[in-house]
Amino acid sequence: MLEAFFAEWQMWTTLAIIAVAIVLYSLDRLSMELVSAAVLVALLVLFQIAPVPEEQTAKNALDAGALLRGFASPALFAIMGLMIIGQGMFQSAALDYPTRFLVKTHGKYPLPVMMLIFVFVMVVSAFLNNTPVVVMFIPIMAAIASQSKVPASKFMMPLSFVSIFGGMTTVIGSSTNLLAVDAFESQTGMKIDFFALAPIGLVLAAVGITFITLSSKWLLPSREGETLKSSSAQGKQFIAQIELTRGHPMIGQGATAGLFPDLPDMTVRMVQRKEDAFLPPFDDITFRLHDTIIVATTRKALTNLLRSKPDILAGVLSEVDIRDDTEASGELTMVEAIVAPGSRIIGRSISQIGFRYQTNCVIVGIQRRSKMIRADMSSIRLEAGDVLLILGDRTDIRSLRSDRDIVILEYSMAVLPDAAKSSRAALIFAIVVGTAALGLLPIAVSAIAGATLMVATGCLNIRQASRAVDLRIFLLIGSALAMGLALEKTGGAEYIAGAFVGLSQSGSPVKIMSVLFIITAITTNVLSNNATAVLFTPVAISAASQIGIDPMVLVMTVIFGANCSFATPIGYQTNLLVMAPGHYKFKDFIIIGIPLIILMWIVYTIIAPIYFTSIGLL
């Protein structure tokens, strides 16, 4: 009697700890890391004082080793590995070419291109962590919004939701799927195939995208904030130069109708050939070795050229020493700086001040408000107020803060992707996805191997890889796995499953699936979707055993329900990412998210029983 009472007391205490954790997570008054650590400490202390013995042995089933085992979970390492791979794809601009193509063609075919973008985002999100995909596409959607004169608020939330839809279609599409699949396989020994989620996931995605397309006009706000208005400030013109050294790809090329196809969005102001200077028009000119091309360009156009055709600016890049010997180095960084009044470099040319040798950075552009300069950059005498566009290693750029001759504009500092490594990163990504999809390697193994290759091949340095690993997610998942284990071992999962079956009255599989889906969908919007998946997976397995159906049915129900994080910005990371550029308020997600969740619930309740019956699981 005493043991039964003690076990029941442990169960209720565990449920109370989980309930408090859910409330604290949803209130968002304390940091996610602190709440996760506090929950973990509470469970460790509880089961150290009141151990839960294994049925077969007297060993404590919830000792420190068991509760902390979640931090060594293969699913957790798979998530971390995929995050690093996603960072490598972003850092190397591996997806840069298709995205630039989409932006360019949007002006001609807006509706087809927008549909193509959403399909592209959805497909990539099925195999890559959603967060870097959305990060990559936010500026693209902002550019399209500015180009089409449509508020960014009409594009940003659909971008987040479409990435979530894509994540529903494969077992690696989101960390939610990975965690639920890992918990299912560890408890039952059964496997869920790589594309097992695809049939239902694609139907839900199609319905969701149709709903967003038809309802966005009325349910999404029309808000245009400072983001798009300030974009015009980035259009200021810099003078830059391109030197044609031996082997340069532009040698032997000429103008087409006065324009140069290899220099998009740039205006050629002058071509310097020894003592001769050629001015527009350039119909008869052919570039030769040692020519210097003086162009007027924006920072954005220059950055795009660095990404897409680094060979054209190989002369500039060769002067930048990118090191990897300190924590802050190893990243090609661009920043703007103003020549300070009273500076010692005023009246001197770039070649005279020896900027490259003093700072290990290169001045790649000069902007002067009073006039447009036509001269070799090395001969331009600097004036107070000139804006310099500087390129260098991250460490060297940071050291310029102490330079009294220039004022660094901190907001303009940006790390540039290394496009030279994009094919390498894309190949690693394809190998990881291919080996996981074909079942040649477990997902955790392929993800860790891919992350290691990203660093080993130079697509990322150690600092960039470590930055991709989100400590909040690491602590959240580890503590959630500990909560799920405690729920299972104390009998809490079985108790909730029994109450859950009773709640569905007759206990028919269809009713249980429907109720489980909506409860999971509600919980995932106030708690992390990862924690929701981990907590409800053991409940689903227990419920399935009580009513005598295949546990895969209810586990997949949990996965789809936990992915329906549409009603709050805290429901999923990508929702938080699009909040600022879309100028959304909390209620905006509620307005469109709740109808979308209800629609997903109805569609799932209809199609899931049909599908599971057709494959023999019901």
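Which residues does T520 touch, not counting residues up to four places away in sequence? In this predicted model, T520 touches T532, F536, V558, G561 and A562, where contact means heavy atoms within 4.5 Å. T520 is found in helix α22, residues 509-524. With a relative accessible area of 0%, T520 is buried; buried means under 20% relative accessible area, exposed over 50%, and partly exposed in between, with a 1.4 Å probe and protein chains only.

Residues are numbered from 1 along each chain as its sequence is written, and side-chain values use heavy atoms, with hydrogens and water left out. Because the model is predicted, local features need pLDDT of at least 70 and side-chain atom pairs count only at pLDDT 80 or more, while totals for chains, interfaces and linings use all residues.

The chain has 618 residues, and buried residues make up 54% of them. Its secondary structure comes to 26 helices and eight strands; helices (H or I, at least four residues) and strands (E, at least two) are DSSP runs, numbered from the N terminus. Among the contacts in the chain with a separation of 6 or more, 77% are between residues 24 or more positions apart.

I594 lies in helix α26, residues 586-614. At 42% relative accessibility, I594 counts as partly exposed. Leaving aside residues up to four places away in sequence, I594 touches A567 and F589. The C-alpha atoms of I594 and T568 are separated by 9.1 Å, and the two residues are 26 residues apart along the chain.

Twelve aromatic pairs are present in the structure. Rings of Phe, Tyr and Trp (its six-membered ring) pair if their centres lie within 6.5 Å; planes under 30 degrees apart count as stacked, over 60 as edge-to-face and the rest as tilted. F161 and F566 form an edge-to-face pair, at 4.9 Å centre to centre with 70° between the planes. F161 lies in helix α8 (residues 156-167) and F566 in the loop between α24 (551-562) and α25 (573-582), so this pair ties together parts that are 405 residues apart in sequence. Both F161 and F566 are buried. The ring centres of F194 and F195 are 4.8 Å apart and their planes stand at 75°, so this pair is also edge-to-face. F194 is buried, with a relative accessible area of 7%, whereas F195 is partly exposed at 43%. Ring pairs link F127, F194 and F195 into a cluster.

One cavity of 30 Å³ or more is found in a search of the whole structure. On a 1 Å grid over the protein atoms alone, a cavity is a set of points where a 1.4 Å probe fits but cannot get out, and lining residues have an atom within 4 Å of a point. Grid points are joined across faces, edges and corners, and a volume is the space filled by probe spheres set on the points. The largest cavity has a volume of about 40 Å³ and is lined by I79, L82, N129, I172, G173, S174, S175 and L178. Helices α4 (74-91) and α9 (175-188) each supply at least two residues of this lining.

The disulfide count comes to zero, a disulfide being a pair of cysteine sulfur atoms within 2.5 Å. C361 is buried, with a relative accessible area of 1%, and C564 counts as buried at 0%.

Methods:
1 Å grid on protein atoms, 1.4 Å probe; cavity = no way out; pocket = protein on both sides within 12 Å on 5 of 7 lines; lining within 4 Å.
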